[in-house]
Amino acid sequence: MPDAVVIGAGPNGLVAANLLADAGWSVEVLEANENPGGAVRHDRGVDPDFTSDLFSAFYPLAAASPVLTGLQLEREGLTWSHAPKVLAHPLPDGRCAVLSRDLDETAASLAAFAPGDGAAWRELLEVWETLRTGILDALFTPFPPVRAGVRLALRLRAAGGLRIARTMVLPVRRLGEEEFRGEGGRILLAGNALHADLAPEAAGSGGFGWLMSMLGQTYGFPVPTGGSGALTAALVRRLTRLGGTVRCAEQVTEVVVRSGRAVGVRTAGSEVVPARKAVLADVSAPTLYGSLVAERHLPGQLLTDLKRFQWDFATFKVDWALNSPVPWACPQAQQAGTVHLADGVDSLTRFAAQIAMGRIPDEPFVLFGQMTTADPSRSPRGTESAWAYTHVPHHVRGDAGNDGLTGSWDAREQEIMADRLEAHIERHAPGFRGLIRARRVLAPPTLQALDANLHDGAINGGTTALHQQFIFRPTPGTGRPETPVAGLYLASASAHPGGGVHGAPGANAARAALRTQRAAALARLQNRLHRRDRKGQS
């Protein structure tokens, strides 16, 4: 019997398993898919000569995460690669905002939009450097981050106190207007905010856009050499070396609860896998509380709150094998690993508003990845392994374009939407469509079929909006990995701090399980000592 059973071999589940194994626990990880990794996998399904990341691709949060860096995965063979430029955002008039790990290059790019904007970027970076350690410690530890929070509060006071706190909760449109005269700095912040489901007018979108921009400035947007699955492989190798096991094609259908405590899981094959100390679930909160745990074991208020759980935007993705690099009209975009395509902040507002109204955007905000530019091993010399994704509504009420898309995402609608993305790319890279050797379309239901945690392609485990963060994640009053069932811990992106590949939800769950066991062992020891003392007095 293992000490712990982990449901799901995504990055959070594997991080949790590794930390438990570090503490000497025996761990068994059960994964429903035939391969581990969750949303951190690659394949050669587009073209046999091209490596394509199925889901996530760039990992600034992994590079910054003390959780993942602490695992020292380089010892397991993991290496990172960078594109010459982090990010480019070309505009229709030929100008291009560039984010580079070279601060002078970023500043010069923004200064070309308006005098003084390069200096404004440097000032934002100075705030980041003052707060960076405190923010990362607070972000990647359980909520509330008491010790990390105290340290962050002290640094925050030094950086400007309430004025900086105000800046962090600003909508990104307002933050850009306050900090920059030109469009370049504004569009970098707003585009990075929409890596989550945060419209330019959303409270807190300024803080998130600033965080992602500063991560890019400091750490870049690195990629695992050889494909995203190399990160997963390193986590699995480390766990195996420590004695843990990963069993794939083993779907868990039930968390077994006895006397209010999780004691194991049941698989689709009716096998009961017992757990001596804990069960950790790297699954979405709606799946854990709506499917795996019987309703009778859960408080009614939790089930009521769960009905208000909000997913982040649905996702539509296309992968390409290209016969040559993308012919961007903006030369700076040719060296960027990530390219954002939108005509400006107003276009991002329009895009987000269409999704909010349930309409499939007619001019989608496109996030484009040039993987061979970032890692030359991904495809033959002179070619490009590329992808793009955009967001669409979960519940489609209409098509803002003229194609009559309904959100059924049948074969016809998938091709139409993929063509819409390609037409948008073609505007910025004339001749792009003529370079396509092969393409693969991953519509919202396809993404969910490949990874059940990605509900309709929602990639962040739930909205990043403030009303479902911190003590509100996944439901009000929680914010921690512990669940109402003793010995059961939520270890997925549905828990604080949310989406992104950084391992924090898994680490928080593992540490909570270890802390509970230490407290129980201490209580048992105290009881034995108390009984011995009483016996000696009799």
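The legends below describe close-up views of a predicted model.

**Figure 1. Overall chain.**
The predicted chain contains 18 helices and 21 strands. Its radius of gyration is 24 Å, close to the 24 Å that the globule rule gives for 538 residues, so the chain is as compact as a globular protein of that length. The C-alpha trace spans about 90 × 55 × 45 Å along its principal axes. Of the 538 residues, 57% are buried. Taking contacts between residues at least 6 apart in sequence, 72% join residues at least 24 apart.

**Figure 2. Helix α10 and the glycine that follows.**
Helix α10 covers residues 205–219. Its 15 residues should span 21 Å at 1.5 Å a residue, and the end C-alpha atoms are 21 Å apart, which agrees. The helix is mostly covered, with 13 of the 15 residues buried. G220 follows α10 and has a positive phi, near 75 degrees.

**Figure 3. Helix α9.**
Helix α9 takes in residues 183–193 and is mostly covered, since 9 of its 11 residues are buried. The buried residues are G184, G185, I187, L188, L189, A190, G191, N192 and A193. Two of these, L188 and N192, are also touched by L99, the residue shown in the next view.

L99 belongs to strand β7, which runs over residues 96–99. With a relative accessible area of 0%, L99 is buried, because the cut-off for that class is under 20%. Leaving aside residues up to four places away in sequence, L99 touches K85, V86, L87, T106, W121, L188, N192, S213, G216 and Q217. One of these contacts, K85, lies 14 residues from L99 along the chain, and the C-alpha atoms of the two are separated by 6.7 Å. L188 and N192 are buried residues of α9.

**Figure 4. E76 and its arginine contacts.**
E76 sits in the loop between α3 (66–70) and β5 (80–81). Its relative accessibility is 11%, so E76 counts as buried, the limit being under 20%. Apart from residues up to four places away in sequence, E76 touches A234, R237, R238 and R241.

**Figure 5. The second largest pocket.**
This pocket holds about 400 Å³ of space. Its lining consists of 21 residues, and Q310, W311, F313, I355 and A356 lie nearest the pocket centre. By class, 13 of the lining residues are nonpolar, 5 are polar and 3 are charged. Helix α14 (residues 345–356) supplies the largest share of the lining, with 3 residues.

**Figure 6. Helix α16.**
The 18 residues of α16 (residues 411–428) should span 26 Å at 1.5 Å a residue; the end C-alpha atoms are 27 Å apart, which agrees. Buried in this helix are E413, Q414, I416, M417, A418, R420, L421, E422, H424, I425 and H428. An α-helix has 3.6 residues a turn, so residues three or four places apart point the same way.

**Figure 7. Two cis peptide bonds.**
Most peptide bonds are trans. The bond that joins R473 and P474 is cis, with omega about 0 degrees. P474 is placed in the loop between α17 (444–450) and β21 (488–490). A cis bond also runs from H496 to P497, where omega is near 5 degrees. P497 lies in the loop between β21 and α18 (504–537).

Most residues other than glycine have a negative phi. A249 is not a glycine, yet its phi is positive, about 55 degrees. This alanine is in the loop between β9 (245–247) and β10 (252–258). F470, also not a glycine, has a positive phi of about 55 degrees. F470 is located in the loop between α17 and β21, the loop that also holds P474. With a relative accessible area of 37%, F470 is partly exposed, because that class lies between the limits of 20% and 50%.

Key: Residues are numbered from 1 along each chain as its sequence is written. This is a predicted model: local features need pLDDT of at least 70, side-chain atom pairs count only at pLDDT 80 or more; totals for chains, interfaces and linings use all residues. Side-chain values use heavy atoms; hydrogens and water are left out. Helices (H or I, at least four residues) and strands (E, at least two) are DSSP runs, numbered from the N terminus. The expected span of a helix is 1.5 Å times one less than its number of residues. Buried means under 20% relative accessible area, exposed over 50%, partly exposed in between (1.4 Å probe, protein chains only). On a 1 Å grid over the protein atoms alone, a cavity is a set of points where a 1.4 Å probe fits but cannot get out, and a pocket is an open set with protein on both sides within 12 Å along at least five of seven lines; lining residues have an atom within 4 Å of a point. Grid points are joined across faces, edges and corners, and a volume is the space filled by probe spheres set on the points. Ala, Val, Leu, Ile, Met, Phe, Trp, Tyr, Cys and Pro count as nonpolar, Asp, Glu, Lys and Arg as charged, and the others, Gly among them, as polar. The radius of gyration is taken over C-alpha atoms; the globule rule is 2.2 Å times the number of residues to the power 0.38. Contact means heavy atoms within 4.5 Å.
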